[in-house]
Amino acid sequence: MKITKLLGFMLISMLLTFSEGIAQYKRKPNDLDKFLKTQWWLGLRLGGSLTAAVPEDRYSGYSPINYPTSESEKLYDDYASLSGLAGVEITFYHHGFSFSLQPNYRRNKFTYTNAYAWSETSNPDNSLELQYEQDHLIDYIELPIFLKYDLMQGKARPFIQVGAYYAFVVGANKSVDMSGTDSASGTLGPFETQTTTIGAKDLFIKSSTGIAGGVGLSYDVWNVRLVFDAVYRYGLNNVTNVSNRFSSNQLASIGDALDDMKLRNISFSIGCAFPLRFISKNNQSVN
Amino acid sequence: MNRINKIVLGLVFLSCLSCDISDNEIDPTTSFLKIYDHNSFEASFIPIDIKQAATGEFLILGARRIEDSDFLGVFLFKVDEFGEFVSSRNLSDQYVHPVKSLINIDEQYYFVAMNSTSLQATLIAVDLGTLDITESPIGGASYPLHVSQRDSEILLLSYNNANKTTDLSIINTDGSVGTGVSYSIGAGEDVEEPIIEHFTRTGKQLPFFAGVTNNGVYYFNGFYNYTLSLVFTDLSGDATGVLQGQQDNGGISAAQHIEGSTFALSRFNFGDNYIVPRQEISTSGLTSSSDILGNPYPELVDDAPVILDQITVENEEMLLYASNTKTGKIILMAYSSANGELKGTKYIGFSDPYSVADFTSTNDGGLAVLGTIEVAGRFARISLIKLSKEELNELK
């Protein structure tokens, strides 16, 4: 719901802000406009991304004897950590529609926490509370393809886009921070331990696929097109490598086990694209 | 190559890469690691043995600390085929000192504990469904040390405090005693001290065990003539052969008969540990364990407990050793039964320390390793690590 509101707000803002484009759209077409109806663009883009991991079947290394399993269940912190993306864009534009291939290197970061507590039966004030915060970084090279539609013509062109992607893992790691309160050792003060980081590439399958949609705005400055966009990715497959859930996870020995999960991601990027066809002074196309 | 071919090639490449999506499925019973946590400081769990039932459930026998007793109490623990906790039962404090191993005769489970008052060994039958028990006192046997089985024959190793003897008996499922022999541990009060300290856990935990070879030679590892020794007998009189240790400072820590007079062994000697995957032993003479060389394993804890069994991995007989490292991990070492060659090792554990209690082959061809983990470095909890058949094959 939060994502839908965000995307809706961006779309409305763009429509209002660039209403000037409507006037440009209505003017009489000239040779330049005719030329611009078909174009190839090549560009670079940089941005940030926020990720959520949506658990489906849940797993844990802990099987409690005398308290509900839900007490030690993972709590996911959605869209909480900003990470980066960088890529290129190859776009073919024709009559307001574009096919855009946007290969990129994208980092997905998500976090969950587990909490455990123990106490002395005869004196419950003697207790130990532990919290494991586990951060995951998965680096993907992504091959998305989008169908874009420019809502308006002119220098400023708000657009919408839908597409699909295939991505493959190039690296992953996870780290765990343990903190807690140990009232059994004579202090109420919290404690923390050093962060432990392990390689986690084997914990995820190589492939990730999904569908994507977003909004954006392109703005022409001389021969350069600046592009701002926001994209929401909806992962369709479980990214956890179920075969290695316990066997290749060193942190399994402290009770960690990845859930079956699908990724959701919101990315924001800014890019600049250059036309690959030019027009000469006598209105001739130059590739 | 024309453009269409390039596109087709690209699509084929992508579809190959994404094969892992459709292949990303596994039966969750094949591989897991479970920690059975209790949220009380006082909860105490010392796992001893594990067996998997034909239904896939695991039955775990363990000991627990009890107040006002020098001995450990008994608990039974059941988990399902996914490793999830199902039920547990703390037995009455009248039953203490459960000993390895769990016996399975036609899906009826038995173990041996001791009556806390009479110190008599008691055979206890367990209903796997309800964990209800039925006891059968074992006539004349006290201080049980180990129980094992060959087919439907139950072999009990025990200590007779009155006569100062190590007793080896064949018992029946109703607790009656069949054939048995007794061997003196030696004269004097001091001789039994390590045995009593073993029972009260105030001293070293000693590797008592008993078994029978394929050719019908019975053996036990127990006190014999002042020394922890591996003793061979035909259950009809004097010992036929003795492999002597060094009082309680050295001796055999695990043994598995391979063929003829060849055994797989591990031994300890004043803290050091040695793995001996194939060793000819004279079952009819007097020899010394310190004369057996073996592979030194300095990474194991001092006088390490060793679990040893022969298992089948991909149709090949392997000797699997499990023990505890100084870094708080469980180590599995697989040796070829045929030539004693080390085939592979595997470590279990990362930050919180682990120690091994037992392992057992599972119905699906994998392995279940039972151990203890010190959760948060301080709470001893039972852990169960299930290795799939494929993971086990990596040891080969």
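This report describes a nonpolar surface patch, the aromatic and charge-to-ring contacts, and a strand hairpin in a predicted model.

## Basis of the values

Residues are numbered from 1 along each chain as its sequence is written, and chains are lettered from A in the order in which they are written. In this predicted model, local features need pLDDT of at least 70, side-chain atom pairs count only at pLDDT 80 or more, and totals for chains, interfaces and linings use all residues, while side-chain values use heavy atoms, with hydrogens and water left out.

## Nonpolar patch on chain A

F97(A), F99(A), L147(A), Y149(A), L151(A), I160(A) and V162(A) make a nonpolar surface patch of about 600 Å². A patch is made of residues with over 30% relative accessible area and no salt bridge, nonpolar side chains (Val, Leu, Ile, Met, Phe, Trp, Tyr) being joined within 5 Å. Areas come from the Shrake-Rupley method with a 1.4 Å probe; a salt bridge is a side-chain nitrogen of Lys or Arg within 4 Å of a carboxyl oxygen of Asp or Glu.

At least two patch residues each come from β4 (97–101), β6 (127–150) and β7 (156–182) of chain A; strands are DSSP runs (E, at least two residues) numbered from the N terminus. F97(A), in strand β4 of chain A, has a relative accessible area of 43% and is therefore partly exposed (between the limits for buried, under 20%, and exposed, over 50%).

## Aromatic and charge contacts

Over all chains there are 22 aromatic pairs (ring centres of Phe, Tyr or the six-membered ring of Trp within 6.5 Å; planes under 30 degrees apart are stacked, over 60 edge-to-face, the rest tilted). F45(B) and F75(B) are edge-to-face, because their centres are 5.6 Å apart and their planes lie at 85°. F45(B) is in the loop between β1 (32–36) and β2 (46–52) of chain B and F75(B) in strand β4 (residues 72–79), so the pair ties together parts 30 residues apart in sequence.

The charged end of R245(A) sits over the ring of Y59(A), 3.5 Å from its centre (CZ of Arg or NZ of Lys within 6 Å of the ring centre and within 35 degrees of the ring normal). K74(A) lies over the face of Y112(A), 5.5 Å from the ring centre.

β2(B) is largely enclosed by the rest of the structure, because six of its seven residues are buried. β2(B) pairs with strand β3 (residues 58–65) of chain B in the antiparallel sense over six bridges (pairing requires at least two DSSP bridges). K51(B) stands opposite L59(B). Five residues separate the two strands of this hairpin, and G56(B) in the turn has a positive phi of about 100°.

How values were computed. Patches are made of residues with over 30% relative accessible area and no salt bridge: like charges are joined within 9 Å, nonpolar side chains (Val, Leu, Ile, Met, Phe, Trp, Tyr) within 5 Å. Helices (H or I, at least four residues) and strands (E, at least two) are DSSP runs, numbered from the N terminus. Buried means under 20% relative accessible area, exposed over 50%, partly exposed in between (1.4 Å probe, protein chains only).
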